[in-house]
Each structure stands twice: as structure tokens, then as C-alpha cells.
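The following paragraphs lead a new reader through one protein structure, step by step. Please keep the sequence and the model in view while reading.

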Amino acid sequence: FFVLMKYICIHSLQKQTLPGTICEFCRSQELVYPFELRQAVQCAGCKQIYHRRCYRRENCPKCFRTLQRKLSVSATQAH
């Protein structure tokens with residue numbers, strides 16, 4: 001019982017003090033926190049946090065934006 005209460009208190013405190021992020025896949029207002037291991041996943045490419053249920057590596061929005069930016073800069077420098 002005490003272990004569960006300690007976990008609930010720590011988890012609640014972390015949510016109040018650590019910044020959460022909005023999942024770019026579903027755009028839900030339900031914030032995602034990196035310490036919520038069962039609900040969150042981190043993209044290996046860009047390190048962004050997403051809901052585990054939403055995440056699709058091949059469609060990562062942040063990785064896509066980064067790639068587009070790199071291609072745009074490369075195209076600009078080629079001219």
C-alpha cells in the first residue's frame with residue numbers, strides 16, 4: 001500500500017513540475033510525459049515523445065520536418 005501511495009505521489013509531482021508534450025500524431029490535449037513508460041515512446045530519430053498507441057516510426061512528424069528542412073537547405077545551396 002505504501003509503495004503504491006509513494007508511486008502515486010511521485011507521479012503526480014512529476015506531472016506538476018515536468019513539462020509534458022502534445023502528441024503530434026493525435027493532437028490530443030492529453031499531455032505525454034517521458035516518464036510514463038507504458039503510455040509514451042520516444043522516437044529514436046528525433047527523440048520526440050509520443051503516445052505509444054499513436055507512434056509510427058515511418059511517419060514521425062518531427063523527423064519528416066527535419067528531413068524537409070535539410071532537403072530545402074541542400075536545394076538552396078545547390079543553386
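Is Q48 buried or exposed? The model is a predicted one, and in it the relative accessible area of Q48 is 15%. Because the limit for a buried residue is under 20%, Q48 counts as buried. This residue is found in the loop between β1 (40–42) and β2 (49–51). Its surroundings include T21, E24, V41, Q42, C43 and K62, all of which Q48 touches when residues up to four places away in sequence are not counted. With T21 there is also a polar contact from side chain to side chain, at 3.2 Å.

The overall plan may now be set out. The protein chain contains two helices and two strands, and from the N terminus on these elements follow the order α-β-β-α. The protein chain has 79 residues, of which 27% count as buried. Its accessible surface amounts to about 6300 Å², and carbon and sulfur atoms account for 60% of that surface. Of the contacts between residues at least 6 apart in sequence, 26% join residues at least 24 apart.

The interior comes next. In soluble globular proteins, nonpolar side chains tend to be buried together. Here the largest nonpolar core has 12 residues, namely C23, V32, A40, V41, C43, C46, I49, Y50, C54, Y55, C60 and C63. One of the core residues, C54, is in contact with C23, F25 and C26 once its neighbours within four places in sequence are left aside.

Side chains of opposite charge can pair when their charged atoms come close. How many salt bridges does a search of the whole structure find? The search finds two. In one of them, E24 pairs with R65, and the closest N and O atoms are 2.6 Å apart. E24 belongs to the loop between α1 and β1, whereas R65 belongs to helix α2 (residues 61–78), so this pair ties together parts that are 41 residues apart in sequence. E24, which is also touched by Q48, is buried, with a relative accessible area of 16%. R65 is partly exposed, at 36% relative accessibility.

A salt bridge also joins R53 to E30, with the closest N and O atoms 3.1 Å apart. Since R53 lies in the loop between β2 and α2 and E30 in the loop between α1 and β1, the pair ties together parts that are 23 residues apart in sequence. R53 is exposed, with a relative accessible area of 53%, while E30 is partly exposed, at 35%.

Finally, the backbone deserves attention. Most residues other than glycine have a negative phi. Which value does phi of R27 take? Phi of R27 is near 60°, a positive value in a residue other than glycine. R27 is placed in the loop between α1 (2–17) and β1, and R27 counts as exposed because its relative accessible area is 56%. K47 has a positive phi too, near 70°, and is likewise a residue other than glycine. K47 lies in the loop between β1 and β2, the loop where Q48 is found.

Notes
Residues are numbered from 1 along each chain as its sequence is written. This is a predicted model: local features need pLDDT of at least 70, side-chain atom pairs count only at pLDDT 80 or more; totals for chains, interfaces and linings use all residues. Side-chain values use heavy atoms; hydrogens and water are left out. Helices (H or I, at least four residues) and strands (E, at least two) are DSSP runs, numbered from the N terminus. Buried means under 20% relative accessible area, exposed over 50%, partly exposed in between (1.4 Å probe, protein chains only). A polar contact is a pair of N or O atoms within 3.5 Å; within protein, one must be able to donate a hydrogen and the other to accept it, and residues adjacent in sequence count only if both atoms are side-chain atoms. Contact means heavy atoms within 4.5 Å. A salt bridge is a side-chain nitrogen of Lys or Arg within 4 Å of a carboxyl oxygen of Asp or Glu. A nonpolar core is a set of buried Ala, Val, Leu, Ile, Met, Phe, Trp, Tyr and Cys residues joined through side-chain atoms within 4.5 Å. Accessible areas come from the Shrake-Rupley method with a 1.4 Å probe; for residues, only the protein chains shown count as cover.
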